[in-house]
Amino acid sequence: MKFTLGWLKEHLETEASLEQITDKLTMLGLEVDSVHNPAEALAPFRVAYVIEAKQHPNADRLRVCRVQTADGEIQVVCGAPNARTGMKAVFAPEGSYVPGTGITLKATEIRGEASSGMLVSERELELSDDHDGIIDLSASDPAVGTPFAKVMGLDDPIIEIGLTPNRGDCAGIRGIARDLAAAGLGVLKPAPYSQSVPGSFVSPIGVHLEAGDACPMFVGRYIRGVKNGPSPAWLQRRLKAIGLRPISALVDITNYFTFDRARPLHVFDADKVHGDIHVRFGKPGEMLEALDGRTYTADETMCMIADEKLGEAFGGIMGGEPSGCSEETVNVFVESAWFDPVRTAATGRKLGIHSDARYRFERGVDPQSLASGAEAAAQMITELCGGEASEPVIAGQEPAWKRSFGFRPERVAQLTGVSVDKAEARQTLEALGFTWQEGCQGIAVAPPSWRPDVHGEADLVEEVIRVHGYDAIPIVPLPRLSSLPQPAMTEQQARRPRARRALAGRGLLEAVTFSFLPKAQAAKFGGGENKLTVANPISEDLNQMRPSILPNLLDAAVRNRNFGQRSGGLFEVGPQYRDPSAGGQDLMASGIRWGQTGPRHWAEAPRTVDAFDAKADVLAALEAAGAPVANAQVAAEAPGWYHPGQSGSIRLGKVVLATFGALHPAILRDYDIDAAAVGFECFLDNIPVPRAKGGKSRSLLKVEPLLPVERDFAFLVAADVSADALARAARQADKTMITEVSVFDVYTGKGVPEGQKSLAVSVTYQPRGATLTDEQIEALGAKVVAAVAKATGGVLRG
Amino acid sequence: MATAIDQLRVDLLSQVAAAASSAALEEVRVSALGRKGAITEQMKTLGQLPPDERRAAGQAFNALKDEVAAALEARKAGLESAELEARLAQERIDVTLPARPQPDGRLHPLMQTWDELVAIFGEMGFVIAEGPDIEDDWHNFTALNIPEEHPARQEMDTFYLQEHDGHRPVLRTHTSPVQIRTMLTQKPPIRIIVPGRTFRSDHDATHSPMFHQVEGLVIDESTHMGHLKGTLIEFCRAFFGIDDLPVRFRNSHFPFTEPSAEVDIGCSRKGGGLTIGAGDDWLEILGSGMVHPKVLEYCGIDSTKYQGWAFGMGIERIAMLKYGIPDLRTMYDSDLRWLRHYGFMPLDVPSMLGGLAR
């Protein structure tokens, strides 16, 4: 919403400065977006008097002018045909920037004659396209030195506010003035153009309302014998200042009241209307060329203003070209109506029309403004265009708007912490147009017709406090609930930061990627079902909720590789989606690594990443997140996007805590990654919650005083025997004495028969109470060999 | 005899001095003091001397023996230290070579900011609440007093999933539905913050179709806008680390709060850049207000007994302001170079006591 300070002052008697006004507007909830004074760019240009304009001795088309300026007499060489002795012109001095030419003026010599500054045209000041000659102010004869902006009435700052959707009343300058007056920044003047224009005949055009609630009331006025043409300069200047293009007096008048009073109006060329006006719903397929020159198709939900033949306007949105006013219009029919906000918004959206009328109707136009709007229009039209007005045509009645709410002044202090006394609350509300009634039941406050946004006591409190000032709200610390704060996170919630920090600690970089991805990619990672498809995606690349974070990370890997990052690792802790229900979202800690384990190094060669890097990531994340990793089992099973022979899952019983492994070569081919890549996915929500009872106490540490004994064994086993199975068997051989079994070598090749492998383990015996004798050690070794043989068929390698 | 001893002293001491290595010195020791060494051999001849000479010669031999032993010891120490010197010189390495590569991961500045928010509000007694990203119309709009015809409910602003079993799920447009979920399941007093993902149908330099918000909600019998103001001023100053950061509350409008306030922080735009702090300008960073009585009633909370306030802000926005990140879109690019540059060390855990950020 744009307006000028001068326009505002037509409604507000005030001594306040521009800055006081804009500050107050912002604090009142009418946030000032920008303030622009066109006079600033015109500041160097002042009125000058041409003492003499004589022919240039060396150029036919140039004149040498002696110019009286505010700074004394100056010689200017001028090429304008209208430069003449005795005229008042606009002088741009040396050093000034001329916006229309983009040139900063310098003293010069033109064909042998000195020239300083210039006499300017309207185009050179970007006021119009007029370049037939320099500006001639002789008619108004302003004093030499007067700022040109002042002469032109351009010394009027333009203020733009960002209007919140509840304040339709402030889509009119009068509403803004009313807020400022209530806040003590002046007095609201009586509204201009509020005399009633007597009607001298009955309108030949009648109005019939046939669209129910869509348009409950319509006031029309027929004005005959008008002379349309350009509107007066003051009106054009105002409209131009707020970015509107003056069209003709009749149209400009409707635009004027749209902004002045948030009262959109429409004028029909009455001679182009066939019979009476019918307000009805659109007919399927009905076409209308609107005033923006485009043709739109109506439907049966849209409210149309029609005559007996055709639809002539989209009610509350835009008029139609066929019945629009032109220079030739002599008889007009003025429409001042009320259109339902919800329907207007819906129609506007469907048609894709953003108009000043729609902006106001969808926010709610004052239902009491129909008659006064029609009067104001009639008054201004007859004043500017002549003519004779009919008696008003009034169809329907105001939509109901009267209501009132109980108001307890103490609620202001209870809700805002500011005590505002009853008298002030009353004064504020009354200044805003509310009515205050006090009775034995308490206070009842009724909002004015232009405030459809007020629905209860809390809204009244807001009116009082915003006018009183938010700066008065005290700064009160939030009382502590306990002297020390409780933890902000539950154990489950704390998994997120713990997993993130563990993974970053392993050298991965944390990514944040979108929750959606292309449907085709989702399908390769177990998703892609329609129930998780975005119905109105912003692009086809973002049309499916992600079933896994890995595809997004792979995408990122591709981008990074294209930027020369041939190796790297990323992780993300965030949601993935199984189904659209409230419980259909899983919190994941997922990551990938690609290329080499690190940069080339003088002491240590990097190697290609493999499934065990991903396994280490998974275990670190799970452990940090509080999973009982020591009790978990590893199985060689993983979803289809992993390499089937190089992937696994980590489980607690049947619950999958994580999957990891090399990514499937087919997936890498799809993403065009010609390097090794591994990934992992931890289901953080699947980690069991530790039991709360028992506190934080650890079990007692028992340190054996005797040195442990280590013995190595190498077994030949079938190639498909898992290292884990063998190690477990060895461990089980003697549960008290054997405390650790670790696999330290895996070998196939020379010396190992085809289809077999050699697994070497180191077994730790912990003597208890007494040192182990050689015989005891022998016996333990035999137990290990027997247990491994039994569980895996492995034999001790010779 | 005396001359022979003197001669032997000179010989042996010069041999000790001449020994160039520990091994050579050992040979000298054996040849001097060994069972068949020169001194030992000479001492064997003592018996042949007359008794009166024997005593004096014996003492002289013992003194020589001690003197040679001391010389050997001194020479040995000298040789060992020289050998160590030589070894150390040989073992010299180029310490300017790079150390072995260590894991060097980084945390995303957005998620670090998330942790900072939790640290600050946690200190003020807020606990985290969470809810699903895929919501229904009721939680996302209706219960927040956003009517059916509100522009926010239209497809141009809000993402919907395809209709399924007669429902058309919505990707939550704000974290506010978690207010509703919390009020429906918990009794006041309530003091929560809700960080999370949010979605809006917008994609340009300053809007992303997915972004993060943090929501705050306090409900009890008497909390008012003064507490809201106190809490948010404390938050803004702690978060940006500026003790005198100007914070301004001004009237605004949201369907779910009444009265509503937008909150600006002080800044300066002098010289083209943006600096947070006392200055001549304001920067809007969050929206807030007293919870609308209708919202309380939707959640089954008696609005004549309880009242409260809520606020919401974009995590990306405050992270960008605090850490000088110029472009929103880079947040989601997963560019390793960007993440290393703007990221945080894994051990930098934000806390009010240990420091929010360095």
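Is N145(B) buried or exposed? With 20 C-beta neighbours inside 10 Å, N145(B) counts as buried (the cut-offs, with C-beta atoms placed from the backbone: buried means 20 or more other C-beta atoms within 10 Å of a residue's own, exposed means 12 or fewer, and partly exposed is in between). Some notes on the rest follow.

1. Ground rules. This is a predicted model, where local features need pLDDT of at least 70 and side-chain atom pairs count only at pLDDT 80 or more, while totals for chains, interfaces and linings use all residues. Residues are numbered from 1 along each chain as its sequence is written, with chains lettered from A and ligands numbered from 1 in the order in which they are written.

2. Domains. Chain A is split into domain 1 (2-37 + 156-188), domain 2 (40-151), domain 3 (207-396), domain 4 (405-472), domain 5 (491-686) and domain 6 (709-796); the bounds come from an automatic or database domain assignment. Between the C-alpha centres of domains 2 and 6 of chain A there are 105 Å. Chain B has domain 1 (2-90) and domain 2 (109-342), with C-alpha centres 92 Å apart.

3. A sheet in chain A. Look for the open, antiparallel five-stranded sheet, in the order β6-β5-β4-β7-β12 of chain A. Strands here are DSSP runs of E, at least two residues, and helices are runs of H or I, at least four, numbered from the N terminus; two strands pair if DSSP finds at least two bridges between them. β6 (72-78) and β12 (118-119) of chain A are at the edges with a single partner strand each, so one side of each has no neighbour in the sheet. Six bridges link β4 (46-55) and β5 (63-69) of chain A, and Q55(A) sits opposite R63(A) in β5(A).

4. The A/B contact. Chain A puts in 78 residues and chain B 69 residues, contact meaning C-beta atoms, placed from the backbone, within 7 Å. On the chain A side, α14(A) gives the largest share, seven residues. That side divides into 43 nonpolar, 24 polar and 11 charged residues (nonpolar: Ala, Val, Leu, Ile, Met, Phe, Trp, Tyr, Cys and Pro; charged: Asp, Glu, Lys and Arg; polar: the others, Gly among them).

5. Cores. The largest nonpolar core has 238 residues, and V332(A) is one of those touching the most other members. A core here is a set of buried Ala, Val, Leu, Ile, Met, Phe, Trp, Tyr and Cys residues joined through C-beta atoms within 7 Å. Leaving out residues up to four places away in sequence, the contacts of V332(A) include I223(A), L250(A) and F268(A). Another core, of 30 residues, lies apart from the largest one, with C78(A) and F91(A) among its members.

6. Why does the span of α4 (51-90) of chain B agree with expectation? At 1.5 Å a residue, its 40 residues should span 58 Å, and the end C-alpha atoms are 57 Å apart; the expected span is 1.5 Å times one less than the number of residues. Buried residues in α4(B) include L64(B), V68(B) and R75(B).

7. Backbone checks in chain B. Cis peptide bonds join P188(B) to P189(B), with omega about 0°, and E258(B) to P259(B), with omega about -10°. P259(B) is in strand β7 (257-268) of chain B. N145(B) has phi near 65°, positive for a non-glycine, and S334(B) also has a positive phi, about 55°. S334(B) counts as buried, with 24 C-beta neighbours inside 10 Å.

Note on methods: Contact = placed C-beta atoms within 7 Å.
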